[in-house]
Amino acid sequence: MPTNLLRRKPHQPASAQKPATNGGRGQGRFVRLTAGRHHLILRLLETRTADLVWQALPLFSIAETWGESIHFETPLRTGRERGARLNVQPSDVCFWTEDERVVLAWGPTPISRPDEIRLMRPCNIWAETVGDPAILSGVTPGEKVSLERTEVPAAAKA
């Protein structure tokens, strides 16, 4: 296992999943995911993967589906973080390090057991959805996907 996977910057908190702050103003970093005609806002967490995604924006790709999830390829490379998980919650936005893909699962995948959302391998959790990720159930394979920076949504200010 490469040693750089376990390193973190000295100023980062030990917790791998807190909403990220932007310049000390108390506002988080937000990304707009567009997949075909569907839109979803993502709130970035304080993780190395979230930092990598934020620096690389905007990103463009093609959607693929797998059960009640979508995933898409990115040009990003990162290692698996300590907080990587195999089972996720519907609001989790994941990065599959082995295939350099973003994964959003809002329901069971083909390998899920009852009452769980199981991914193929442990993935880094780098963001959470603002709103219902099931809106992405209308996405079909081959549709264009984009991730772009956006302003703080009204729902997230409260």
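Hi everyone, let me start with a cysteine: Cys123 is buried, with a relative accessible area of 2%. Please keep in mind that this is a predicted model.

A search of the whole structure finds zero disulfides. Cys94 is in none, and its nearest cysteine sulfur, in Cys123, is 5.4 Å away. A disulfide needs the two sulfurs within 2.5 Å, so at 5.4 Å the sulfur of Cys123 is too far from that of Cys94 for a bond. Cys94 is buried too, at 1% relative accessible area.

Now to the core. Which residues have the most contacts inside the largest nonpolar core? That core has 26 residues, and the ones with the most contacts inside it are Leu33, Leu42, Val102, Leu104, Trp126, Leu136 and Leu147. The elements giving it two or more residues include the helix α1 (48-56) and strands such as β1 (30-35) and β9 (118-130). There is also a second, separate core of ten residues, with Val88, Cys94, Leu119 and Ile125 among them.

Take Trp126 for a moment. Setting aside residues up to four places away in sequence, Trp126 touches, among others, Leu42, Val53, Cys94, Val102 and Leu147.

Last stop, Thr74, in the loop between β5 and β6 (85-87). Is Thr74 buried or exposed? It counts as buried, at 7% relative accessibility. The Thr74 side chain reaches the backbone nitrogen of Leu76 at 3.3 Å. Beyond its neighbours within four places in sequence, Thr74 is in contact with Phe95, Glu100 and Val102.

Thanks, everyone!

Methods
Residues numbered from 1 in each chain as written. Predicted model: local features only at pLDDT ≥ 70, side-chain atom pairs only at ≥ 80, totals over all residues. Heavy atoms only, no water. Buried < 20%, exposed > 50% of the residue type's maximum accessible area, 1.4 Å probe, protein only. Core = buried A, V, L, I, M, F, W, Y, C linked by side-chain atoms within 4.5 Å. Helix = DSSP H or I, 4+ residues; strand = E, 2+ residues; numbered from the N terminus. Contact = heavy atoms within 4.5 Å. Polar contact = N/O pair within 3.5 Å; in protein donor to acceptor, adjacent residues only side chain to side chain.
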